[in-house]
Amino acid sequence: MKGYLTYLILWIIGKNSMNGAQIGRELEKRRGTKPSPGTIYPALKELKKKGLIEIDENKNYSLTVEGKKELKSSCKFFCNIFYDMNEMSDFCE
């Protein structure tokens, strides 16, 4: 994956199907700033092109079967890198 944005988008819509604006608000909660539509929608387009997400008639995005596999793989990768996250969070206080 190119960056954390695609991982976060997969994580967010892995919990609940959402439209682009809702995804933006969820990203804002995690990052402190809301990414622009010019950041969110190209990422969504790329994930759709790769077959990891799909969009329904209400413009809500959800994971495909391949998207769920990718999310699981990405979570394992993330956890391997940040296995000491609790220790890191203590440092941030």
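Visitor: How many helices and strands are there in the chain?

Guide: There are 5 helices and 2 strands in the chain, and along the sequence they follow the pattern α-α-α-β-β-α-α. Helices (H or I, at least four residues) and strands (E, at least two) are DSSP runs, numbered from the N terminus. This is a predicted model, in which local features need pLDDT of at least 70 and side-chain atom pairs count only at pLDDT 80 or more, while totals for chains, interfaces and linings use all residues. Residues are numbered from 1 along each chain as its sequence is written, and side-chain values use heavy atoms, with hydrogens and water left out.

Visitor: What makes H1 roughly perpendicular to H3?

Guide: Helix H1 (residues 4-15) and helix H3 (residues 37-49) pack at an angle of about 75°, with their axes 10 Å apart. Angles of 65 to 115 degrees count as roughly perpendicular (under 35 is roughly parallel, over 145 roughly antiparallel, and the rest oblique), so H1 is roughly perpendicular to H3.

Visitor: Which residues make the contact of H1 with H3?

Guide: Contact means heavy atoms within 4.5 Å, and here it is made by Leu5, Thr6, Ile9 and Leu10 of H1 together with Thr39, Ile40, Ala43, Leu44 and Leu47 of H3. By class, this contact has 7 nonpolar, 2 polar and no charged residues.

Visitor: Why is Gly67 called buried?

Guide: Buried means under 20% relative accessible area, exposed means over 50%, and partly exposed lies in between (1.4 Å probe, protein chains only). Gly67 has a relative accessible area of 0%, and therefore Gly67 is buried. Its place is in helix H4 (residues 65-81), and Gly67 touches Gly51 and Leu52, not counting residues up to four places away in sequence. Gly67 and Gly51 are 16 residues apart in sequence and 7.1 Å apart in space, C-alpha to C-alpha.

Visitor: Why is Glu26 counted as buried too?

Guide: The relative accessible area of Glu26 is 18%, so Glu26 is buried. Glu26 has its place in helix H2, and, leaving aside its neighbours within four places in sequence, Glu26 is in contact with Ile12 and Met18.

Visitor: Is Lys59 buried or exposed, and how do you know?

Guide: Lys59 has 60% relative accessibility, and therefore Lys59 counts as exposed. Lys59 is found in the loop between strand E1 (53-55) and E2, and the phi of Lys59 is near 65°, a positive value in a residue other than glycine.

Visitor: Which residues have the most contacts inside the largest nonpolar core?

Guide: A nonpolar core is a set of buried Ala, Val, Leu, Ile, Met, Phe, Trp, Tyr and Cys residues joined through side-chain atoms within 4.5 Å. The largest one has 19 residues, and those with the most contacts inside it are Ile9, Leu10, Ile13, Ile23, Leu27, Leu44 and Ile53. H1, helix H2 (20-31), H3, strand E2 (61-63) and H4 each supply at least two residues of this core, and H1 gives the most, with 6 residues. Ile13 touches Met18, Ile23, Ile53, Tyr61, Ser62 and Leu63, not counting residues up to four places away in sequence.

Visitor: What share of the chain do buried residues make up?

Guide: Buried residues make up 31% of the 93 residues in the chain.

Technical notes: Axes are lines fitted to C-alpha atoms, for helices over the stretch in contact, and angles run from 0 to 180 degrees between N-to-C directions. Ala, Val, Leu, Ile, Met, Phe, Trp, Tyr, Cys and Pro count as nonpolar, Asp, Glu, Lys and Arg as charged, and the others, Gly among them, as polar.
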